[in-house]
Amino acid sequence: MLIAIGAVLSVLSLLFRGVQWFLIAAVAVWLLVLVFSLVPMIFCRSSKEKGASDRMERERDRFLSDVAHELKTPLTVIRGSAEAMSDGAVPPEQYPEFCDRILRETDAMSRLVSDLLDVSRLRAGRIRFQPMDVDLSVLARSVSDSMAVVAGKTGVTVSCEIRAELPVLWLDYDRIRQLLIIFLDNAIKHTPSGGQVTLIVDRAGQTVLLRVNDTGSGIAPEDLPYVFERFYKADPQRGGLSNGSGIGRSVAQQIVRLHDGTVKVESELGRGTCFTAALPLRECKENS
């Protein structure tokens, strides 16, 4: 494997003589090595708790298979683009387009590794709950505005509705922001051009509700029980899409649990999906 990595880096260093492109190639290889180094981190704890080594081996095999599948597509695109440029099949004026393609696929690999790191840390209990004073309405609008820029490139409209006045809350700001991004990103990916994604902040008694509605393809009833499982993706013929790792929803569920909340999904094929996180309303210490 090390020989293969060295060969890949050597070829790419010749192909991309600029330092920035060699760094991209190096990062791509580093991501691969990091993914496989995470395997024992993710599974060793669960094997001790369950005392079932055979089950751990099956989960590990499935995990490696899923990761390999997720990495295969971006690596294929990177290799194909590099080969086309190296063989002279691409005219110089198209180099920026091919370089952008390589960057996008490298970003996809980076997001996958980031999700895997979150999963491993959550399972190992190494993510600390760091609450602080949070104005949830301001945070929701900020995330919605940022994601609207991303969605605009695909023709999807993103909006935010604040349906209840909330006090300053005691939440982990970074994790709640991550939760909203995961829900919105998932909704945008599954909503066709011209569709609508809406982030709703509401309150029901002593519970804060964070809802993300979309007008996308929806999820088949038989797939709903599994949407929060790692790597689970519905069959494209039943409304699922092939893009994305499927890990983000699992991370979102863990974030909600860190806040002692619950998360659910409601969907209907052809009529969209709604993810709802229900969090206990905890006011900041000054107000409680």
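Reader: What makes Asp172 a cap of the N-terminal end of helix 7?

Author: In this predicted model, where local features need pLDDT of at least 70, side-chain atom pairs count only at pLDDT 80 or more, and totals for chains, interfaces and linings use all residues, a side-chain oxygen of Asp172 lies 3.3 Å from the backbone nitrogen of Asp174. A polar contact is a pair of N or O atoms within 3.5 Å, where within protein one must be able to donate a hydrogen and the other to accept it, and residues adjacent in sequence count only if both atoms are side-chain atoms. Residues are numbered from 1 along each chain as its sequence is written, and side-chain values use heavy atoms, with hydrogens and water left out.

Reader: Why is the pair of Phe228 and Phe275 called edge-to-face?

Author: Rings of Phe, Tyr and Trp (its six-membered ring) pair if their centres lie within 6.5 Å, and planes under 30 degrees apart count as stacked, over 60 as edge-to-face and the rest as tilted. The centres of Phe228 and Phe275 are 5.9 Å apart with their planes at 85°, so the pair is edge-to-face. Phe228 lies in the loop between strand 5 (207-214) and helix 8 (248-258) and Phe275 in strand 7 (residues 272-280), so the pair ties together parts that are 47 residues apart in sequence. Ring pairs also bring in Phe183, which forms a cluster with Phe228 and Phe275.

Reader: Why do Phe228 and Phe275 count as buried?

Author: Buried means under 20% relative accessible area, exposed over 50% and partly exposed in between (1.4 Å probe, protein chains only). Phe228 has 13% and Phe275 has 4%, so both count as buried. Phe183 is also among the buried residues of helix 7, which include Leu179, Leu180 and Ile182.

Reader: Why does Asp260 count as exposed?

Author: The relative accessibility of Asp260 is 52%, so the residue counts as exposed. Asp260 sits in the loop between helix 8 and strand 6 (262-268), and has a positive phi of about 60° although it is not a glycine.

Key: Helices (H or I, at least four residues) and strands (E, at least two) are DSSP runs, numbered from the N terminus.
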